[in-house]
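Below is a short briefing on one protein model, grouped by topic. Please look at the sequence and the structure first.

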Amino acid sequence: MDGLALDNAAWLRAFFSSPNELSWVSLADDTATPAIAEQVRPWLQALRSDDRKTPIVLPFLKDGTITGWYATTRSNEGAHELAAELKAWLGPTYVSLFEAVPDGTPDPMAAALREVSQSAVWRFTGPDKYANTVIAKRLGDYISLLGRRPKLKHMAARPVGAIRGDFERALIARDTVAAEGYIAELKATGRLNEENLRYLDVRLNAGLGLWPQIARDHWLIQTMSDLAIPPQILADIIEALYRTHIDAIESAGDAVATLAAFDTDIAKRYPRLFASRRGIRTPRVVKAFLLFEQLQGHPSAEIIDELGVLLDEGDLLQLVVPTAKGHLATTLSPEAEADEAFDDLQYDRAFVFYSALPLSKKNLGRLLTCVQFIGTDNVRERMLATIEALDPALIATLSPGMRDKLAELNAPAIGSALALKDTSDELSHQVAPEQKPGLNGWLAWAEKLDRAEDLLHAERAVQDAVTKWDTSGFKSNEADSRTFADVIGNLTGESAMLARRSVPQIFASFFPCDEVPSEGTRPVAEVLFALISMDDSLSASDLDLLAQLLSILLTLGLSNDDYVSLIKDLQDVQERVSSYAHLPWSLDVCETLAVSSAQSDTVREARLSFFVRILGQAQTFAHRLVPQDLMPMEFLAKDFGVDEASIDKLRRSDEADEEVPELADASGQLIGIYTLAEAAGSRAKVSLEKMFPGCLVEVNSDLVATDKLRNLARSANLFVFAWKSSTHAAFYCIKDELPNGEPIWAAGKGTASILRAVMENLN
């Protein structure tokens, strides 16, 4: 038996020796009975395999026939699984004995097998010679089958944080299919309960801009309002309610009417949503809490002023009813007013009222409850200041549980009173960077990553960054943006990986979908583009984010050097994603470059080079190109001054290629297109009317619901919605008027994406 390692030969000699009548010598020199040797040989050959999962099953010979077998595993695992598998394979009809050989049993064969495996050793036999013959045959089939069994691949579940990051990227890209796929992957981790699943549904609809679907789900909101929901979900629900019920009324500028509508449609139906703002700075959420405070019997001037600081002056004029801050007189005592707010679960109001009262044991306990529910650094710091002034005699009367909770706030006074070991230096080290005075949340977070400090906390904190961390300073100060971008762009190791996973939160915070980009945030857009483009693999969501960032950067303006560098990064991305599947994205990017200004010959040469490269790559799949692919290329060729002969080379030849598929008959049909990218809409109109003589194409770019848009949605045979260049008001206007309620979704906002969407539905 050549090929067996010496360590195998040693224990095999011990197994195939007395009382086993089948000797190792007879097997080695081929003098054993051929029929018996044929049964043993496959198992001995399996020992040469590197697969430690292959079992060992060897016979015991007595009176010239096999009377039983011994089995074990080559590793220290899987013995019980092997026993179950053998029992199932052989069947109870033919096996009369199947047992584990106890340790210490004077069985030389079992002892020999234990030298190769520390796992259990099994022995089994049939009731008679016929049964043993059947067992021998089935074991031969078993070892043959094991050789053909595919190797199991254990796919390790991805970290929840990584899946959540991809989910948020898909939401920014408005990629419904990908987002739902990531939700399924999150469910498969087994770490989500029913509440988590509801949160994901809310986040999905909010991320896709389907605000009325959230706002009109009364029982969902009613259920959520009774839970301690995460700040991001609270922000999504309140924003959905505000957009659906208040936006249109607020735009009229009547503060009294706005307050009345808010009271009827939101405040009275879901008062529990307004227990605490929890530090959320999203404008519509702040406005909702401002309106809610004005509806209280005794509005707090302090809360109204605090909320007003977070809003533009124009919003204040439209929302603050002049009498709201005037009716502050109350017949209740200050403590009764605080108790009323606390009992009504209005923790923001209760905190303000209790903070103004002399501290008592009861008030201190309720303040602590408010701090724990609100959970913001600002409230915590105010609580710390209050605790530092506590009378030691009052501290001594507190219960041990309350004293422990106060000590957790890192208050020096409490620390000394409870004989804790914390020093002032240790305390300052324990305070998270974002709590340092004057340091913006995003900058503090970046510095924390730069120091690779408490990355788990940093990853948790960034989940609520969109709703809590202010970016107004960056928008007005490019130097701060540059500092932030430099830190994020030069991270290494796990910090760099965390920064890349946090791209969706950074993007959503600095570039909200309903705001015009600010020049001060240019460095942030540049570093986000770099972070995404450097990823090893690029998903459709990643490509969409790159296209959005490209539009932002071109809108903000780039220097010649920055423009050329951006094109080089695009070329690198294009090399990695070059395919027919991504052709619409490539052409949409070219269109974005073509319709934007080019301030120098260097810039024009760079973008021309990018387009020519795409034409060259398209030659590898020219056999797949159809009219809706070639039409955008023709427009772009004119934009970039490329000879049309370059496009002609990509056209199919009837003689050389397969037959060109016939286009569907669209004569007499009306095709509606909604897009805010008017150049893309005009090109799509020209292309479609050229490809389908007799069809009428109408493009609409209205920002709000208009009669013209309603009529188009109602009468169009096909309606394409370029949702990446659209408004929410227009979408719901279209959705309400379409016969089937759903438009045709264009994957991108360029001509190529619009044409492919039309063709896929026409054909």
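In helix α20, Leu-364, Leu-367, Leu-368, Val-371 and Ile-374 meet Val-379, Arg-380 and Met-383 of helix α21; contact here means heavy atoms within 4.5 Å. By class, this contact has seven nonpolar, no polar and one charged residues. Ala, Val, Leu, Ile, Met, Phe, Trp, Tyr, Cys and Pro count as nonpolar, Asp, Glu, Lys and Arg as charged, and the others, Gly among them, as polar.

The model is predicted: local features need pLDDT of at least 70, side-chain atom pairs count only at pLDDT 80 or more, and totals for chains, interfaces and linings use all residues. Residues are numbered from 1 along each chain as its sequence is written, and side-chain values use heavy atoms, with hydrogens and water left out.

**Overall make-up**

- The protein has 43 helices and eight strands; these are DSSP runs numbered from the N terminus, with helices being H or I of at least four residues and strands E of at least two.
- Of its 763 residues, 49% count as buried (buried means under 20% relative accessible area, exposed over 50%, partly exposed in between, with a 1.4 Å probe and protein chains only).
- Among contacts between residues at least 6 apart in sequence, 71% join residues at least 24 apart.

**Packed helices**

- Two packed helices are described by the angle between their axes and the distance between the axes.
- Helix α20 (residues 361-374) and helix α21 (residues 377-388) have axes that come within 9 Å and cross at roughly 155°. This makes α20 roughly antiparallel to α21 (angles under 35 degrees count as roughly parallel, over 145 as roughly antiparallel, 65 to 115 as roughly perpendicular and the rest as oblique).
- Axes are lines fitted to C-alpha atoms, for helices over the stretch in contact, and angles run from 0 to 180 degrees between N-to-C directions.
- α20 and α21 cross in a left-handed way (the near helix is turned anticlockwise from the far one by less than a right angle; clockwise would be right-handed).
- Helix α37 (residues 601-618) packs against helix α38 (residues 627-640) at an angle of about 145°, and their axes are 10 Å apart. The crossing of α37 and α38 is left-handed.
- On the α37 side the contact is made by Arg-607, Leu-608, Phe-611, Leu-615 and Ala-618, and on the α38 side by Met-633, Leu-636, Ala-637 and Phe-640. By class, the contact of α37 with α38 has eight nonpolar, no polar and one charged residues.

**Aromatic pairs**

- Rings of Phe, Tyr and Trp (its six-membered ring) pair if their centres lie within 6.5 Å; planes under 30 degrees apart count as stacked, over 60 as edge-to-face and the rest as tilted. The count by this rule is 26 aromatic pairs.
- Phe-274 and Phe-289 form an edge-to-face pair, because their ring centres are 5.0 Å apart and their planes lie at 70°. Phe-274 sits in the loop between α14 (255-267) and α15 (283-294), and Phe-289 in helix α15, 15 residues apart.
- Phe-274 is buried at 3% relative accessibility, and Phe-289 is buried with a relative accessible area of 6%.
- Phe-342 and Tyr-354 are also an edge-to-face pair, 6.2 Å centre to centre with 75° between the planes. Phe-342 is in helix α18 (residues 334-343) and Tyr-354 in helix α19 (residues 347-355), so the pair ties together parts twelve residues apart in sequence. Both Phe-342 and Tyr-354 are buried.
- Trp-442, Trp-445, Trp-469, Phe-474, Phe-484 and Phe-510 are linked into a cluster by ring pairs.

- Thr-592 lies in helix α36 (residues 583-595) and is buried, with a relative accessible area of 17%. Not counting residues up to four places away in sequence, Thr-592 touches Leu-550, Ser-551 and Leu-554.
- Thr-592 and Lys-749 are 157 residues apart in sequence, yet 9.5 Å apart in space, C-alpha to C-alpha.
- Arg-683 is in helix α40 (residues 678-691) and counts as buried at 12% relative accessibility. Leaving aside neighbours within four places in sequence, the contacts of Arg-683 include Glu-591, Asp-639 and Thr-751.

**Backbone exceptions**

- Most residues other than glycine have a negative phi, and most peptide bonds are trans.
- The peptide bond from Ser-18 to Pro-19 is cis, with omega near 10°. Pro-19 is in the loop between α1 (6-15) and α2 (24-28).
- Arg-174, although not a glycine, has a positive phi of about 55°. Arg-174 lies in the loop between α7 (160-172) and α8 (176-188).
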